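Please read it with the structure open.

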Number of protein chains: 2
Amino acid sequence: MLELAILGLLQEAPMHGYELRKELAAKLGAIRAAISYGSLYPTLRRLQAAGWITEAAETPATAEEVPALTSRRGRVVYTITAEGKERFAQLIAQAGPETYDDTGFGVHFAFFARTDQATRLRILEGRRRKIEERREGLRDVLGRAAERLDAYTLELQRHGLDACEREVRWLEELIANERSGRAPTVPQPGTAGGRREDNSPPPPGESRKERP
Amino acid sequence: MLELAILGLLQEAPMHGYELRKELAAKLGAIRAAISYGSLYPTLRRLQAAGWITEAAETPATAEEVPALTSRRGRVVYTITAEGKERFAQLIAQAGPETYDDTGFGVHFAFFARTDQATRLRILEGRRRKIEERREGLRDVLGRAAERLDAYTLELQRHGLDACEREVRWLEELIANERSGRAPTVPQPGTAGGRREDNSPPPPGESRKERP
DNA sequence: CGTGCGATGTATCGGTCCGATACATCGCGG
DNA sequence: CCGCGATGTATCGGACCGATACATCGCACG
């Protein structure tokens, strides 16, 4: 999971560890707390050993036009390689069971802008199926085993059940949106004739197939 | 966390590993999937080594009256000790930072029936504080950094923000309930500190299922 | 009659990730 | 000038997971 997230983020820009952690926290803030350095650095080394990323010590040699609002010390900047991009594409497209658990789904979803529509649909539906199963389990417990449990436990299950139902509805909406070929967001003002942001997933067209 | 959960469950009845896992899944189904055996068995051994629980191989000695709808094979039944109960009470009362993360809070909440009211209130408020912080972080990202993120990531944050707001409301309700002295139902005293036969009769709604 | 299959049951191993900790540099306010 | 918080890299022990192995039992299906 961490591997996927790092590869995805480094595709947007080269970064050093600290920055990576912050961007990760911003992008995945909805699903998990900030990643631990105890995971981050070992993973970076693993990725580098595999050739997915390259490490470059920062060199202030030629003065860029960027004044570097952060100081340039002995930071280590990581850049994704061509192989890394391939690896990312492979990871994003193949869906295992871990793709549908809370964290796995969240990470995949966060990179939906780099995922083709068919895969998006597959993941959304897989997630929905999984949440529906959890929901059924909760309903079972609340129905059949309710008298064996105390009021607090019951209340916890009710809250969980509510969250499940809500997420299923959310997923339904996203799936419907996806099928209709539209991006998921709220209607932007001035949709008619505005400029296109290129960080939005492309509309229903299937012409996109770039090879970096 | 696992330690707390096991100690809590074994206080309701002695169990073997498989059963423990199922009960755990039923009790904590709202917050996490079933516990892995790769965690369960080593933890059981750790708890036994510490003296919190004792292990007893099942003896089919005078098993005439039991038809045993499940066979009595080499199952290992674990029973909590007096020291284990003390340990549980200590774990349930002391609140570290991990008490307020998703899993930690869920486990604590699931045993609220064995937690005194002051601790319940403290935990509820700590959790609320933590969720409020997450909520503010999400709002920040949605406000300040919205243009840096793609539509899917934004949608993820919105969904997360919604979940946060909902949970805060839920917590407020529980806190108000708690303050008004009226828990969802009758709590039971589970705090250790020596004998505890002085307080209340056993829980009213509880029906002990006899197992073969 | 047997044969395979799913539930019950105990157990280990490798790997991922976290939390605590250590250490060093920088800019800033007191 | 000194501390302090942000920035930044790094390691270590431990918690937990997923896959796997293995054994027994009852039952359905041929």
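Axes here are lines fitted to C-alpha atoms, for helices over the stretch in contact, and angles run from 0 to 180 degrees between N-to-C directions. Helices (H or I, at least four residues) and strands (E, at least two) are DSSP runs, numbered from the N terminus. The model is a predicted one, in which local features need pLDDT of at least 70 and side-chain atom pairs count only at pLDDT 80 or more, whereas totals for chains, interfaces and linings use all residues. Residues are numbered from 1 along each chain as its sequence is written, and chains are lettered from A and ligands numbered from 1 in the order in which they are written.

**Helix packing**

Two packed helices are described by the angle between their axes and the distance between the axes. The pairs treated in this report are set out below.

| Helix pair | Angle between axes | Distance between axes |
|---|---|---|
| α6(B) and α7(B) | about 155 degrees | 9 Å |
| α2(A) and α3(A) | about 115 degrees | 11 Å |
| α5(A) and α7(B) | roughly 140 degrees | within 8 Å |

In chain B, α6 covers residues 117-144 and α7 covers residues 151-179. These two helices, α6(B) and α7(B), are therefore roughly antiparallel to each other, given that angles under 35 degrees count as roughly parallel, over 145 as roughly antiparallel, 65 to 115 as roughly perpendicular and the rest as oblique. The crossing of α6(B) and α7(B) is left-handed; a crossing is left-handed if the near helix is turned anticlockwise from the far one by less than a right angle, and right-handed if clockwise. Their contact comprises 13 nonpolar, three polar and 12 charged residues, where Ala, Val, Leu, Ile, Met, Phe, Trp, Tyr, Cys and Pro count as nonpolar, Asp, Glu, Lys and Arg as charged, and the others, Gly among them, as polar.

The 29 residues of α7(B) reach 42 Å from the first C-alpha to the last, close to the expected 42 Å, the expected span being 1.5 Å times one less than the number of residues. After α7(B) comes Gly181(B), with a positive phi near 85 degrees.

In chain A, α2(A) passes α3(A) in a right-handed crossing. Gly17(A), Leu20(A) and Arg21(A) of α2(A) make this contact with Leu40(A), Tyr41(A) and Leu44(A) of α3(A), two residues being in contact if their C-beta atoms, placed from the backbone, lie within 7 Å. By class, the residues of the α2(A) and α3(A) contact are four nonpolar, one polar and one charged.

**Where the chains meet**

Between the chains, 32 residues of chain A are in contact with 31 residues of chain B. On the side of chain A that touches chain B, two or more residues come from each of α2, α5 (102-110), α6 (117-144) and α7 (151-179) of chain A, and α7(A) gives the most, with 10 residues. This side of chain A has 18 nonpolar, 10 polar and four charged residues.

One packing between the chains is that of α5(A) and α7(B), whose axes cross at roughly 140 degrees, and that angle makes α5(A) oblique to α7(B). Here Gly106(A), Phe109(A) and Ala110(A) in α5(A) meet Tyr152(B), Thr153(B) and Leu156(B) in α7(B).

**Beside the DNA**

DNA strand D is surrounded by 25 residues, the closest being His16(A), Gly17(A), Gly38(A), Met1(B) and Gly38(B); a residue is near a molecule or strand if its C-beta atom, placed from the backbone, lies within 6 Å of it. The largest share of this surface, four residues, comes from α3(B), and the surface near DNA strand D has nine nonpolar, 10 polar and six charged residues.

Around DNA strand C there are 24 residues, with Gly38(A), Ser39(A), His16(B), Gly17(B) and Gly38(B) the closest. For the surface near DNA strand C, the largest share, four residues, comes from α3(A).
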